[in-house]
Amino acid sequence: MSLRRFFPVLLFLLAGCASHPDAPFVGTPERVIDEMLRLAAPQAGDVLYDLGSGDGRIPILAARRYGIRAVGIERDPQLVARARAAAEREGVAHLVRFREEDLFQADFSEATVVTLYLQPWMNERLRPRLQALAPGTRIVAHQWGIAGWDPERAVEMEGERVYLWTVPPR
């Protein structure tokens, strides 16, 4: 196995030393965001929530490409400020909001698409809230799945993984 395959995981773990220990910021590469959004298939009327949104790249790209509303939830005030400035620069501030909040306390019940690049234990802790979202809501995670919930699709791309779940009918 090549080091290239494990490089994103290594960066993710090392970033924890310089950021919040429970949710280090490691930016998602644009090619991975492209795949996440392709799997989520955003449409007019969708509302994307990015939990642990970092510098806002996923909500900004979703708004720019698909014209949908997007909300980033991030607890680091510096990253929230960077994300807001980037949304202004990209001309999508009217479609994108960034909230400085703890993602475990945040209300994201209006989401029709949720994106995640979080540590495995965080995904698992969020599982009940994600499964309680409206049927048909698409959840896309980068790198790690959600323990106890099998994805309907998993894509491997040069050492990166992307998973898709759809909240089933009740």
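Let's settle one term before anything else: contact here means heavy atoms within 4.5 Å. Helices (H or I, at least four residues) and strands (E, at least two) are DSSP runs, numbered from the N terminus. What you're looking at is a predicted model, where local features need pLDDT of at least 70 and side-chain atom pairs count only at pLDDT 80 or more, while totals for chains, interfaces and linings use all residues. Residues are numbered from 1 along each chain as its sequence is written, and side-chain values use heavy atoms, with hydrogens and water left out.

Now the overall layout. The protein has five helices and seven strands, and going along the sequence they come in the order α-α-β-α-β-α-β-β-α-β-β-β. Of its 170 residues, 49% count as buried, and buried means under 20% relative accessible area (exposed is over 50%, partly exposed in between, with a 1.4 Å probe and protein chains only). If you take the contacts with a separation of 6 or more, 62% of them come from residues 24 or more positions apart.

On one side, β1 and β2 run parallel and are joined by five bridges; two strands pair if DSSP finds at least two bridges between them. Within that pairing, Asp-50 has Gly-72 of β2 as its bridge partner. To get from β1 to β2 the chain passes through α3, in a right-handed β-α-β crossover. Right-handed means that, with the strands pointing away from the viewer, the path from the first strand over the helix to the second runs clockwise. Strands β2 and β3 are also parallel, with five bridges joining them, and Gly-72 has Phe-98 of β3 as its bridge partner. The chain goes from β2 through α4 to β3, and this crossover is right-handed too.

Next, look at α3 itself, residues 57–66. After the helix comes Gly-67, with a positive phi near 70°. Helix α2 has its own buried set, Val-32, Ile-33, Glu-35, Met-36, Leu-37, Leu-39 and Ala-40, and the elements covering them include β1, α3, β4, β5, β6 and β7. Ala-41 follows α2 and has a positive phi, near 50°.

So where is the largest pocket, and which elements line it? Helices α2, α3 and α4 each give two or more residues to its lining, with the largest share, four residues, coming from α3. Its lining includes Thr-28, Ile-33, Arg-57, Ile-60, Arg-64 and Arg-89. A pocket is found on a 1 Å grid over the protein atoms alone, as an open set of points where a 1.4 Å probe fits, with protein on both sides within 12 Å along at least five of seven lines; lining residues have an atom within 4 Å of a point.

Finally, zoom in on Thr-28, in the loop between α1 and α2. Thr-28 is buried, with a relative accessible area of 5%. Beyond its neighbours within four places in sequence, Thr-28 is in contact with Ile-33, Met-36, Arg-57, Ile-58, Tyr-117 and His-142.
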